[in-house]
Amino acid sequence: MTLYGETTKMLTVSDLAAMKRAGEKISCLTAYDASFAAVLDNAGIDVLLVGDSLGMVVQGEASTLPVTIDDMVYHGRCVAKTRRRAFLIVDLPFASYALPEQALNNAARLMREGGAQMVKLEGAKPAIVAFLVEQGIPVCGHLGLLPQSVNRLGGYRVQGRDADQAERILADAEALEQAGAGALVLECVPAELAERISRRLAIPVIGIGAGAACDGQVLVLYDMLDIGAGKRPRFSKNFMAGAAGIADAVGRYHAAVKSGEFPGSEHTY
């Protein structure tokens, strides 16, 4: 039995902004294929993120760097075919948005061929964001831990622990919002910093390893189902434990995000 039917209204970026204003938490999970997308959508998940994390959890790569724009278009299209209500964000992969025209061409592919309603890019790139927004492309920023920059960062480490770095992340978040970003993902930053940013910005802030004060939460689907090939990150939780099945686990995650039960202190830096 499905929760949402063919006539269900698809969520928009305006709906997400309204949820933030109303204080309603936004639930988000990664999705990479049609079957999982349908399960997540039926469970009521608000946002499906076709993340370049697929390189690691689907393709078996050591990082997200080998993922191509063709990969993202393909997986976005698969997810778009079965979701009915959830808002769909698709990642721009590594080195696909270095220049404005390049970013536009690739973002247009994600929307035209991949079904994206919004594209996500990593780092403090307000000029790229502004250019894409001017062309009518909704953009989600991503600050904190940047998986595409793992070689520059020296590994998967919490960002923003010292005062100078925290202020820089806050300033970058404000710059992205001013450039027209419609949402922001904060990854692996201290909860206090994430709370400051969430309160400062008018756009929804979705956290992953960023504490409970964010406007919403996202996890890698395979991590929260405890089926990933690698070690589950500290900020994740195994929602399959005690669940009757995958749909039940996803429903538990959705309810835990909505109620503010997840993330707990044990998932927070």
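How much space lies in the second largest pocket of this protein? About 420 Å³ of space lies there.

The structure is a predicted model, in which local features need pLDDT of at least 70 and side-chain atom pairs count only at pLDDT 80 or more, while totals for chains, interfaces and linings use all residues. Residues are numbered from 1 along each chain as its sequence is written, and side-chain values use heavy atoms, with hydrogens and water left out.

The term pLDDT denotes the predictor's confidence in each residue, from 0 to 100. The average pLDDT of the protein is 95, and 96% of the residues score at least 70. Over residues 1-6, however, pLDDT stays under 50. For that stretch the model has ten contacts beyond four places in sequence, a contact being heavy atoms within 4.5 Å. Where pLDDT is low, the predicted coordinates should not be read in detail.

Let me now turn to the pockets and cavities. Both are found on a 1 Å grid over the protein atoms alone. A cavity is a set of points where a 1.4 Å probe fits but cannot get out. A pocket is an open set with protein on both sides within 12 Å along at least five of seven lines, and lining residues have an atom within 4 Å of a point. Grid points are joined across faces, edges and corners, and a volume is the space filled by probe spheres set on the points. I shall also name helices (H or I, at least four residues) and strands (E, at least two), which are DSSP runs numbered from the N terminus.

The second largest pocket, with which I began, is lined by 21 residues, and the closest to its centre are Gly123, Ala124, Leu146, Ser149 and Arg152. At least two lining residues come from each of strand 5 (139-144), helix 7 (150-153) and helix 8. Helix 8 gives the largest share, four residues. By class, this lining has nine nonpolar, seven polar and five charged residues. Here Ala, Val, Leu, Ile, Met, Phe, Trp, Tyr, Cys and Pro count as nonpolar, Asp, Glu, Lys and Arg as charged, and the others, Gly among them, as polar.

The largest pocket has a volume of about 660 Å³. Of its 34 lining residues, Met56, Glu187, Val220, Asp223 and Pro233 lie nearest its centre. Helix 3 (54-57), strand 6 and strand 8 (216-219) are the elements that give two or more residues to this lining. Its classes are 17 nonpolar, seven polar and ten charged.

What does a search for cavities of 30 Å³ or more find in the whole structure? There are two. The largest cavity has a volume of about 90 Å³, and its lining includes Leu16, Ile26, Lys120 and Val218. Strand 1 (26-30), strand 2 (47-50) and strand 6 (183-187) are the elements that supply two or more residues to this lining. Eleven of the lining residues are nonpolar, none is polar and one is charged. The second largest cavity holds about 40 Å³ of space. Among the residues lining that cavity are Lys25, Gln217 and Phe262, and the lining divides into five nonpolar, two polar and one charged.

My last topic is salt bridges. A salt bridge is a side-chain nitrogen of Lys or Arg within 4 Å of a carboxyl oxygen of Asp or Glu. By this rule the count comes to 13.

One of them joins the side chains of Lys258 and Glu24 (2.8 Å, N to O). Lys258 lies in helix 11 (residues 246-259) and Glu24 in the loop between helix 1 (13-22) and strand 1, so this pair ties together parts that are 234 residues apart in sequence. Lys258 is partly exposed, at a relative accessible area of 25%; buried means under 20%, exposed over 50%, and partly exposed in between (1.4 Å probe, protein chains only). Glu24 is also partly exposed, at 37%.

A further salt bridge links Glu167 and Arg196 (3.0 Å, N to O). Glu167 belongs to helix 8 (residues 163-179) and Arg196 to helix 9 (residues 191-200), so the parts tied together are 29 residues apart in sequence.

Finally, the side chains of Arg199 and Glu195 meet at 2.7 Å, N to O. These two residues are four apart in helix 9 and are therefore separated by about one helical turn. Arg199 is exposed, at 69%, whereas Glu195 is partly exposed, at 28%. Elsewhere, salt bridges that share partners join Glu24, Asp46, Arg85 and Lys258 into one network.
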